[in-house]
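Hi,

Here is the structure I promised to pass on. Have a look at it first, and then read my notes below.

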Amino acid sequence: MDILTTGLITHLESKQCSSQFEQGVGGEYYLHVPYKEIGEAIGWLATRNDLALIDIWAILNPNKSSVNLFYAFELRYPSPILIITVKTETSQAPSIWGQFPVAIYFERRLNDLFGMEFTGSPDTRRLLLHEIYPADFHPMLESNPRSLTVPPSPGMTSEYAFKIFEGEGIYQVPVGPVHAGVIEPGHFRFSVMGETIFNLEARLGYKHRGLNKLAEGKSVDEGVKLAETVSGDESAANACCFSMAVEKITGAELPRRAWELRTILLEMERIYSHLGDLAGMLVDIAYPVGASPFFILREEMLRWNAAFTGSRFLKGAIKPGGVNRDIDHQALQDFKRYLDNFCRQIESALSTVNEAAGVIDRFDTTGIVLPMLIAPLSLSGPVARASGYDGDTRQLHPYSIYNELKYKVPVKTTGDVLARFKLKSEEIFSSVNLIRDLIANCSSGPVFLDFHPKSGQALAMIEAPRGRNLHWLKLKNGNIERWEVLTASFCNWLAIEHAVIGNIIPDFPVINKSFNLSYAGNDL
């Protein structure tokens, strides 16, 4: 048991509060706390400045009239995830937004999905479900079948209540949900004085597909296909994370070559994702000449994906038990040689960008994410590391064979678009070096372990291109009873609302692209 959990249990005992400890099969710690004592536990945890609330989820109680709540906390250094569980007596629970500000968004989501009411919350607006859904519709309740088609609510008369900012010279600029490019929908409501932004509120949820509900009762083979649809450009990361949860429940020990190939594919996904980000940032400041080399390299990486797995976006490549097919030794050696030329080309492209004064002028000091926001908003990935946070799930909670590999996790401190551009550039080189080492030392042997899933629950986390993705899975007789998935985009979207303050509206596209968050990955 770690210092955090021991300290919390000791504190609860000093207050004559009971608790029950349990270690999960995934290495996570569960502390079951009575409903009436949740405030005491949360209050003590809030005194720590090295702790972040990373998710809140729920499962229905056997009586179906209330839920069990799960509060997941992560330390800033390697340590097991602590999950506080609380059995509610009704469909109500106290809000903890005062201690952990990001909780308000988790609570709004649970209100949409389960009808949970969080007393004391200052914001009870819908988050995922838009006005077209009936007011009493909560999809995760057992009374709502997976195949339910929700008709438009006949009583739908009110629009979403955006925050109101009034005063002389203040006006609002709505952007979206339909955008000029071939991208997913999201609405952004700017409050502006002149050209300067002093507030932004994002309204997402347009891509809500009910993936958590769709997963209920499905086999793990069907579930991994759903995981791949969470966000199309993180197919490998989410398929791997889902598979790891299944494997932890079952206790499966995968062949080493399966892990090696998984790791190569995960880093290839990181590379092509970051290449698209670099190109997109340059396009959004009208520098397509600088963007072209990155687009070309991204296309080449997608073709290597297809050559290795049959899918440009790595769909169907990873499944519970390993990978779907082996990769030929000669193909891996050819790819390793290609990476030499790849690095020369990207170095040349970056040199051109760094010499363009107009690029640096637009990137520098634009869209700053302050370090003080990282823990309260539970930020992760390049967004957090560009603002001084040195956390990476591959090191904080090692999975695959990352604990055996030598690699650098870049960190920047200025938190602006330029920092995010430089950091993603450096992460590409770090991923290339990882892949080179893996290919040079790749073992032989099977790439898949056949096993039969069993009942149980487990937490798995992965460092996707955008940051920390979390999958918590509960199986019953080998089928999915409850699946909680949270991508890095959910929390990182909150940072954009802060990053644009003091900037001008024409800078919003490049700020947004420097984050490159997933709409579908947020909305699920």
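The C-alpha centres of domain 1 and domain 2 are 28 Å apart. Domain 1 covers 3-119 and domain 2 covers 211-515, with bounds from an automatic or database domain assignment. Domain 1 puts 27 residues into the contact and domain 2 puts in 26 residues (contact means heavy atoms within 4.5 Å). Between them they bury about 2,300 Å², 61% of it on carbon and sulfur atoms; buried area is the accessible area (1.4 Å probe) that two parts lose on being put together, summed over both.

Before you go on: this is a predicted model, where local features need pLDDT of at least 70, side-chain atom pairs count only at pLDDT 80 or more, and totals for chains, interfaces and linings use all residues. Residues are numbered from 1 along each chain as its sequence is written, and side-chain values use heavy atoms, leaving out hydrogens and water.

Now for two helices (DSSP runs of H or I, at least four residues, numbered from the N terminus). The axes of α14 (residues 488-499) and α15 (residues 508-515) come within 10 Å and cross at roughly 150°. Axes are lines fitted to C-alpha atoms, for helices over the stretch in contact, and angles run from 0 to 180 degrees between N-to-C directions. The pair is therefore roughly antiparallel (the term for angles over 145 degrees). N492, W493, A495, I496 and A499 of α14 meet F508, I511, N512 and F515 of α15.

One last thing to look up: the peptide bond from G176 to P177 is cis, with omega near 15°.

Cheers

Key
Parallel < 35°, antiparallel > 145°, perpendicular 65-115°, else oblique.
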